[in-house]
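Please walk me through this structure, beginning with the chain as a whole and then turning to single residues.

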Amino acid sequence: MNITFLGTGTSHGIPVVGCTCNVCSSADFRDNRMRSSVLIKENNTTFAIDCGPDFRHQMLKNRIYSLDAILFTHEHRDHTSGIDDIRGYNFALNRPMDIYAHARVIKYFESSYQYIFTDKKYPGVPQIELFEIDINRFKINDLHIIPIEVMHHKLPVFGYRIGNFTYITDANYISEAEEQKIIGSEVIVINGLQHDYHIAHYTFAEALALIHKWKPRLAYITHISHKLGMHREVEEKLPAWIRLAYDGLSFEI
């Protein structure tokens with residue numbers, strides 16, 4: 001299984017519009033973060049988790065010419081607003097894009113992107129095939145995927161475990177029952193927004209505490225704000241088995 005971080009930033013991205021802080025002004029490419037998303041490839045299956053406003057650029061930058069499906073964690077715009085750009089894959093692959101999402105997220109798509117779902121469609125609108133998922137295991141081709149329900153303040157959000165890889169973004173609470181789905185993962189990715197308290201995201205310290213609790217072989221922090229600090233300065237204080245993710249980072253399990 002190959003995993004590529006397409007984006008590792010928060011909803012603002014980095015640089016933040018109008019900001020001149022050290023992080024936003026950094027010349028280190030690792031401090032330049034698009035909205036959070038990952039790409040997963042195994043054998044002949046390729047899919048993305050989330051499809052935010054940077055989706056088009058992420059696909060072009062990483063030269064992703066084929067995509068089987070997109071899984072969605074939740075309906076917030078920084079994770080969904082790239083949906084229109086799947087049209088390129090519709091044309092190139094000559095088929096609809098498979099979309100996997102919770103029923104609530106599907107309703108959001110139907111109300112926010114009505115032009116996709118009308119009976120009489122304008123030529124060239126995105127073509128999608130919707131698959132409703134819940135907390136039960138499901139499959140994309142031969143890949144088994146386990147949804148993990150986490151809380152993003154008061155909003156239930158899905159993380160996902162695929163084999164020995166677990167990906168969690170936009171969370172600030174995980175129940176003990178859902179934690180059991182995570183235990184034993186070889187690699188874990190979890191959001192660690194900033195040092196200060198946030199109402200809907202784990203802080204950096206809270207993310208580290210969970211990583212130490214779950215004890216994966218390797219862990220990555222994602223969904224990072226410019227308030228966390230410079231990539232180099234933050235990462236040099238971490239143990240070798242805990243890293244800050246950055247856009248374009250790729251690894252295999």
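**The chain as a whole**

The secondary structure of the chain consists of eight helices and 14 strands, where helices (H or I, at least four residues) and strands (E, at least two) are DSSP runs numbered from the N terminus. The radius of gyration is 18 Å, close to the 18 Å that the globule rule gives for 253 residues, so the chain is as compact as a globular protein of that length. This radius is taken over C-alpha atoms, and the globule rule is 2.2 Å times the number of residues to the power 0.38.

The model is a predicted one, in which local features need pLDDT of at least 70 and side-chain atom pairs count only at pLDDT 80 or more, while totals for chains, interfaces and linings use all residues. Residues are numbered from 1 along each chain as its sequence is written, and side-chain values use heavy atoms, with hydrogens and water left out.

Along its principal axes the C-alpha trace spans about 55 × 40 × 35 Å. Of the 253 residues in the chain, 55% are buried; buried means under 20% relative accessible area, exposed over 50%, and partly exposed in between (1.4 Å probe, protein chains only). The accessible surface of the chain is about 11,800 Å², and carbon and sulfur atoms hold 49% of this area. Such areas come from the Shrake-Rupley method with a 1.4 Å probe, and for residues only the protein chains shown count as cover.

Among the contacts in the chain with a separation of 6 or more, 64% are between residues 24 or more positions apart. A contact here means heavy atoms within 4.5 Å.

**Charges and salt bridges**

The chain has 26 positive and 30 negative charges, and their mean positions are 2 Å apart. Lys and Arg count as positive and Asp and Glu as negative, with His and the chain ends not counted; the place of a charge is NZ of Lys, CZ of Arg, CG of Asp or CD of Glu.

Side chains of opposite charge can pair when their charged atoms come close. A salt bridge is a side-chain nitrogen of Lys or Arg within 4 Å of a carboxyl oxygen of Asp or Glu, and by this rule there are ten salt bridges.

One of them joins aspartate 54 and arginine 35, with 2.7 Å from N to O. Aspartate 54 is in the loop between β3 (45–49) and α1 (55–61) and arginine 35 in the loop between β1 (2–7) and β2 (37–42), so the pair ties together parts that are 19 residues apart in sequence. Both partners count as buried: aspartate 54 has a relative accessibility of 14%, and arginine 35 has 18%.

Another salt bridge pairs aspartate 68 with arginine 95, and here the closest N and O atoms are 3.7 Å apart. This pair links distant parts of the chain, 27 residues apart, with aspartate 68 in the loop between α1 and β4 (69–71) and arginine 95 in the loop between α3 (87–93) and β5 (97–101). Aspartate 68 is buried at 18% relative accessible area, whereas arginine 95 is partly exposed at 28%.

Arginine 87 and aspartate 84 also form a salt bridge, at 3.1 Å from N to O. Arginine 87 is partly exposed, with 31% relative accessible area, and aspartate 84 is partly exposed at 23%.

**Threonine 46 and serine 66**

Threonine 46 belongs to strand β3 and is buried, with a relative accessible area of 12%. Leaving aside neighbours within four places in sequence, its contacts include Leu39, Ile40, Lys41, Ser66 and Asp68.

Serine 66 lies in the loop between α1 and β4 and is partly exposed at 37%. Beyond neighbours within four places in sequence, serine 66 is in contact with Thr46, Tyr89 and Leu93.

**Backbone exceptions**

Most residues other than glycine have a negative phi, and most peptide bonds are trans. Isoleucine 14 and proline 15 are joined by a cis peptide bond, with omega about 5°, and proline 15 is in the loop between β1 and β2.

Aspartate 50 is not a glycine, yet its phi is positive, about 80°. Aspartate 50 sits in the loop between β3 and α1 and is buried, with a relative accessible area of 0%. Asparagine 94, also not a glycine, has a positive phi of about 60°. Asparagine 94 is in the loop between α3 and β5 and counts as exposed at 69% relative accessibility.
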